[in-house]
Amino acid sequence: MIEKASVRLGAPANRARDALDVALVIPLQGPAGIFGPSCECCARLAAEEVNAASGVLGREVRLVLVDGGARPERVAAEVDALISGGVVDAVAGWHISAVREVVAPRIDGRVPYVYTALYEGGERSPGVFLTGETPNRQLRPALRWFASELDIRRWTIVGDDYVWPRSSARAAHRYLRELGGEVCDEMYVPLGTQDFGPVLARVAASGCEAVLMLLIGQDAVLFNRAFTAAGLDRDLIRFSSLIEENVLLATGPENTRGLMTSAGYFEDLPTASGLDFAAAYFRRFGPGAPVLNSLGESCYEGVRMLTELLRRAGDTDVRRIQATAEGLEYESPRGTVQIRDRHLEQRVFLAAADGLQWDVLQQLP
């Protein structure tokens, strides 16, 4: 069981000296809230495995749950209170970049912060380490694959209106210019949008061959359903670098034709490390466990990366961790991974929706 931050903040200080407390920041509400249960279970699994192996620095890892789906300022204030009050020693978790951009300056290098979401790249705040895929390793090779294998070069971009979709779209412009391609239209909607009718009318009129979806969680679900209802799935490919098993399930098998993605991990990834992780997850949480997906797995990665960093540094001091992190290599569900410039170097795979599953086609170069 993971204790909520509000409980820890409201209770008398009772820090156990043999515990390492980590604020787990994951969305429990809003469009990304559907990812929360998977993220929580995967982080718990990682903590339990670490503790079964004598913990880290001789201390038991304990998770403190923070709702990363709240307004960014509120999330940052809660994380700040946990650190300032001496309640937590580190921060980790999946949440959107709009939250990270407010949280990172508030942490300001006081404790290590492992951000596990795929993101737009360029994060350089002190003490921040990143496990997620970036456009150069995820979007760029995917667009090259579409151009070389399917001769698709005309794209329309539909995204939620915040930093990750807009930054990824700017990257897509650059990558498509390299390929002799073009962006036919580009539009952004507020998080939590329900009606995609006007957006789909512009997509249909844009003359594109494919749609780059930069939508989060429930927004992607509703877009996909409306896309099929409008009949656009007959002629247009959809690609998103942030669509996983949970969104696929909520979208429904009848709405996934022509839907593709790329990621460092899939539940159906046919590698020994991927299969071992899926087996451990369902052995721990049973067949009724929350859907296993890349975003949940990223929270497992976050706890693992944090513990590996601390073990190598032999300390929780951020400067010491940063000084010793470069080149750190370890095994994870994504295979052998390595830390370079505070980011995780990893393989990225391209997959196509097959009903409610991802058919992993190949590793991207």
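Glutamate 48 is partly exposed in this predicted model, with a relative accessible area of 32%. Its side chain meets that of arginine 284 in a salt bridge, at 2.7 Å from N to O. Arginine 284 belongs to helix H10 (residues 272-285) and glutamate 48 to helix H2 (residues 36-52), so this pair ties together parts that are 236 residues apart in sequence. Arginine 284 is likewise partly exposed, at 33% relative accessibility.

**Salt bridges**

The count of salt bridges comes to 21.

| Pair | Distance, N to O |
|---|---|
| Arginine 284 and glutamate 48 | 2.7 Å |
| Glutamate 308 and arginine 311 | 3.7 Å |
| Arginine 340 and glutamate 326 | 3.5 Å |

Arginine 311 is partly exposed, with a value of 35%.

The side chains of arginine 340 and glutamate 326 also form a salt bridge, at 3.5 Å. Arginine 340 is placed in strand S13 (residues 335-340), while glutamate 326 is in the loop between helix H12 (318-325) and strand S12 (329-332), so the pair ties together parts that are 14 residues apart in sequence. Both ends are partly exposed: arginine 340 has a relative accessible area of 34%, and glutamate 326 is at 44%.

Salt bridges also link Glu133, Glu297, Glu301 and Arg334 in a network.

**Serine 97**

Serine 97 is a residue of helix H4 (residues 97-107). At 2% relative accessibility, serine 97 counts as buried. Its side chain makes a polar contact of 2.9 Å with the side chain of arginine 100. With neighbours within four places in sequence left aside, the residues in contact with serine 97 are Tyr115, Tyr119, Glu120, Tyr162, Val163 and Trp164.

**Positive phi values**

Most residues other than glycine have a negative phi. Leucine 57 has a positive value, with phi near 55°. This leucine 57 is located in the loop between H2 and strand S3 (60-67), and leucine 57 is partly exposed, with a relative accessible area of 34%.

Arginine 342 also has a positive phi, near 70°. Its place is the loop between S13 and strand S14 (343-345). Arginine 342 is buried, with a relative accessible area of 12%.

**The second largest pocket**

Rolling a probe the size of a water molecule over the atoms shows where empty space is left. The second largest pocket has a volume of about 190 Å³. Its lining is made up of 17 residues, and those closest to the centre of the pocket are Pro31, Gly68, Gly69, Ile96 and Leu191. By class, the lining of the second largest pocket holds 11 nonpolar, 5 polar and 1 charged residues. Gly68 and Gly69 are among the residues closest to the centre, and glycine counts as polar in this division.

Conventions: Residues numbered from 1 in each chain as written. Predicted model: local features only at pLDDT ≥ 70, side-chain atom pairs only at ≥ 80, totals over all residues. Heavy atoms only, no water. 1 Å grid on protein atoms, 1.4 Å probe; cavity = no way out; pocket = protein on both sides within 12 Å on 5 of 7 lines; lining within 4 Å. Points joined across faces, edges and corners; volume = space filled by probe spheres on them. Salt bridge = Lys/Arg side-chain N within 4 Å of Asp/Glu carboxyl O. Helix = DSSP H or I, 4+ residues; strand = E, 2+ residues; numbered from the N terminus. Buried < 20%, exposed > 50% of the residue type's maximum accessible area, 1.4 Å probe, protein only. Polar contact = N/O pair within 3.5 Å; in protein donor to acceptor, adjacent residues only side chain to side chain. Contact = heavy atoms within 4.5 Å.
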